[in-house]
Structure formats: structure tokens, C-alpha cells
Amino acid sequence: MNLAAIEHPRNRQAELGQFLTAPPVADFMASMFGPLPRTVRLLDAGAGAGSLTAAFVSRLCVGNMGVRAIEATLYELDPHILDELSETMQECQRRCAEAGIRFTFTIHSADFIQEMSARLADDLFGPQPPAFDAAIANPPYRKISTDSAERRALRSVGVETSNLYTGFIALIQRLMVPGGQLVGITPRSFCNGPYFRPFREDFLNHLELRRLHVFESRQAAFRDASVLQENIIFHAVKGRNQPREIVISSSSGEHGDITAATVFPFVEVVHPRDAEKFIHIPSTASHATAKATMDGLSSSLASLGVTVSTGRVVDFRLKNALRKAPERGTVPLLYPCHFNGGTVHWPKLEARKPNAILDNAETRPWLVPSGVYLLTKRFTSKEERRRLVACLFDPDQVKAAWVGFENHLNYFHANGNGLERSLAVGLYAFLNSTVVDQYFRRFSGHTQVNATDLRTLTYPDRETLQVMGRDMKALALSQDGIDQLVTKHLHAHR
Ligand SMILES: C[S@@+](CC[C@H](N)C(=O)[O-])C[C@H]1O[C@@H](n2cnc3c(N)ncnc32)[C@H](O)[C@@H]1O
């Protein structure tokens, strides 16, 4: 039972980013540590009720790996959970005493971000910041705005990041001794989100990734069923040389049972030439096949003369220009709700979204000249059949001189204009194929399908796409039909 959730109203729980780790997951995390020094200085930042430290201690008490003393430092901001935390620490002390391990702990009822940023920033003049041999963390997650106190504190130590969890990890990393080990559970969003790029660089420059673990279900890791983030567990060691190989494992999450663990070359996880430093997570055999197929393709979107952009009409900014139904002086406005099995169904008067936008001097900069465009949804979740959902905007079906693409869509275009039809249809088949979907799932850990993600994919060359497009007799092909067609053409042009 999640006591914390009962004691506070939900909004306070959200403010604190308080989602407690389920015991089997905490134990699994504790099992990931490698050999530790005789005296372990352990950090548990955002400790909640202390379940991570308790799991760490339990592991060492059962299979003592030569550890004689544990000095635990715990940070927790929420006063309501401190009694429970303190009880857990006393229990740890009892267990350690029985196992012949000296256990001491200090609970800081303080803001970890503020306190540690200040200590690290004062490094030259004040007392040395603490140093840790091990850290176990399920940090709080919540967006932090550019002018928030947290952002300012983090900035003072050179950390620029937009979420609490990445701020926590960046600070924890700075507090670790060389060779120190960190096991953390966090949202997966940092693996490819464009805003997390500085964090990824900081992370990969100072932490050697040894293992990544993903869950096949989203909620399984937490004691609270409302967690919607996709999570990841990582084991990393403070140091500057990434290993040659990394273990990737996954589990259903329901019982903490591991379903698969595979060793991959590190370069398959972070591609050496990738400026974005995406962290790819190949978790199944089909992901590996998808990687091999995509690696065999050599065209970039730019080399095809194609650009992908986010729909330019931000509806709430142009409220006065929106119309429920088309009328004189308006042009079509397209949302994801207009997607209809490969093509666009427009207008959709029964939908809640507007169908049209005034075409005037104010709106024209946000419109595009009519033409053949390929549209993709910007938000899809892991549970959907496909993460990439592409549909064709055909000017023969929707007649207008100009058209608006709303911000929840990405659109593929040629320098602001429509695409050549067979190329667009070829791209349609390619992006809707299972192979691209599987590849995409390796690196995308959140619900967004960013234009950057689509830009970083490799594509078949122009001719292959055109032939594929011409071979596609109907857009509403079944998934099998699309996959067969795409596979046939990719192999034919090897
Ligand atoms: C995601 S919960 C995890 C709790 C615990 N580690 C676990 O795994 O069960 C994060 C915890 O961090 C605490 N927290 C949030 N902001 C904090 C801050 N700035 N400093 C210290 N603790 C914080 C929350 O109150 C919450 O208990």
C-alpha cells in the first residue's frame, strides 16, 4: 500500500515527484552493484521511505561481499515521510548488526538540489562536498522551468537541465568518487529527448554505462498505479571510458522477472558518430534485425531533398482564426484526428477539433501551399500498435490552395512545398513498416515522435522509395502487405 499517497493530497505527491519503488524492483536494483569497498559511503537522494537503502543493505547482509561498514546519507524533502524513513533505517541497523556490518546513517531533511549545488559550487572556499562510493536512486521527476530556484541552483554548478530527475543524477554523479557505482531508476525520456542532449553528454562523459534494464509494462516498477512514464534502470560507474560491451535486459516487470539479458557492443547503444548521443536500447531480436536493416540504408532525409517539420499552426495562438466547419475565406486545418487509414478524412465535423482556419495576412505565414505531404502523429504511446503513424495528404482529395498543419503533427515536405507523389508514397510505406517501428522503439522512450527523431533515421535512396511508392497500389494495405512490399524493395536494392 502506498502510505505516502494516502497521507498527502495528490498534487503534493506530484509536486514532490513521490513515486515509491516496489520492493522487488528495489531488490533487483540492489543486485546490480558490482564489488564494493570494505567501507561503503552510500547516497540515497530523494529517499522516500528508504526502500532502496533497505534493499541495498539486505543484499549485503545476505551475501556479504567483504563489506564491513555502510555509512548511509539520505536526503528527503517531505516531512511526512521522515518517520517511516527513520524506522526503515533503524531496521537496517538491526539487520546489519546481526550480519556483523557496522551501519550508520544520516537523514537530511533538506532539498538535495539546493544543498548539494551550493556545496559543489563552494568547493573552492567551503568545506569539501561529501564523496560517495555508491549511490542508489529513484529521483523525483517533474519539469523545472527556466527561471525556477532549482534551475538556478543547478546552473551554478554547470548543469543545465529541464527535469528534476536529470538534475538529481547530474549532482549525484559529481559527488561520486572515481570507480563509484550508481544504480538508478528514472524515466526513459533522457535517452532521446532533444532537450536532454546536454544531460546525455554530461552523463556519458562521466559515467560508464554497464547495464540497462527496461520494463515491458509501464506501471510495474512502482507502488502507484498512476505512473505513466516509461522507466529504465541503469548501472553506471564513475569514469571516462565507456566499456566495449553493455548488458541490456528487460522484464515484464510484473514480478520483477527477467525475460531476456543480452550483451551488446557499446557502439550499438550510443553510436560513435551520433551528435545527438541517443541511447538506443535494443531489447528484442526483432530490434536487432531492424537495426541491421536500417544500418544497410545510406540516405539521409536531407540527401533526399526532404525536410520534416512540426506542424506550424499552434491552435491556441490563432484561436480567433479557427472554424469548426469550412466556410468562405478558410482553408483546411489538419489534426491527427483527421488521419484515416493512410489518408486524410476531411472535414470531420463530428470531431471536437476545428476543421478550418481563416486564410488571411495573420495566418498565411503558418500555412503551406497545397501539395502531396506526408504527415505523422507527434504523440503515440508504447502500447499502440505502431509508434510511427504516417498518412498521406493528397490535394486531389482535399481541394484547397493552402492548408494548415496543426502542431500535433509532423509533416514531410520539399523546401516548404509538397513532395513528388511516388516519393511521398514510398516514404509512407517505409515509415509505416514494422522494421522502422521496431528500430524507432529501440531509442524512443516517451510518447513523442519528434521531428529530430525522424531526421536521424536512415532512409532508402530516392529511386528505391519511388519504386516502392509506385508499387503501392492502395494506401490502405494491411500491415503484412506493407511489410512485404518494403522488405522486397529493400532487398532488391541491396
Ligand atoms: C520518486 S520518489 C522515490 C522515493 C524512494 N527513493 C523510493 O524509491 O521509494 C522521490 C522522493 O524524492 C523526494 N524529493 C523530491 N524533491 C526533493 C528534493 N529537492 N530534495 C530531496 N528529496 C526530494 C520526494 O519527497 C520523494 O520521496
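The model is predicted. The chain contains 16 helices and 20 strands. Its radius of gyration is 26 Å, close to the 23 Å that the globule rule gives for 494 residues, so the chain is as compact as a globular protein of that length.

**Overall build**

- The C-alpha trace spans about 80 × 50 × 45 Å along the principal axes of the chain.
- Buried residues make up 43% of the 494 residues of the chain.
- When contacts between residues at least 6 apart in sequence are considered, 78% of them join residues at least 24 apart.

**Nonpolar cores**

- In soluble globular proteins, nonpolar side chains tend to be buried together.
- In this chain the largest nonpolar core has 75 residues. The residues with the most contacts inside this core are M29, I70, A135, I136, F168 and I172.
- Helix α8 (residues 164–174) gives this core seven residues, the largest share.
- Leaving aside residues up to four places away in sequence, I172 touches L43, A45, A135, A137 and L182.
- Another core, of 50 residues, lies apart from the largest one. Its members include L334, V372, A429 and V486.

**A mostly covered helix**

- Helix α13 covers residues 434–443, and eight of its 10 residues are buried.
- The buried residues of α13 are V436, D437, Q438, Y439, F440, R441, R442 and F443.

**A pair of strands**

- Strand β17 (residues 373–377) pairs with strand β18 in the antiparallel sense, over four bridges.

**Around the ligand**

- There are 21 residues around the ligand, and L20, T21, G46, G48 and N138 come nearest.
- Helices α4 (51–62) and α6 (112–121) each supply at least two residues of the shell around the ligand.
- By class, this shell holds 11 nonpolar, seven polar and three charged residues.

Conventions
Residues numbered from 1 in each chain as written. Predicted model: local features only at pLDDT ≥ 70, side-chain atom pairs only at ≥ 80, totals over all residues. Near = placed C-beta within 6 Å. Nonpolar A, V, L, I, M, F, W, Y, C, P; charged D, E, K, R; others polar. Core = buried A, V, L, I, M, F, W, Y, C linked by C-beta atoms within 7 Å. Buried ≥ 20, exposed ≤ 12 C-beta atoms within 10 Å, placed from the backbone. Contact = placed C-beta atoms within 7 Å. Rg over C-alpha atoms; globule rule 2.2 N^0.38 Å. Pairing = 2+ DSSP bridges.
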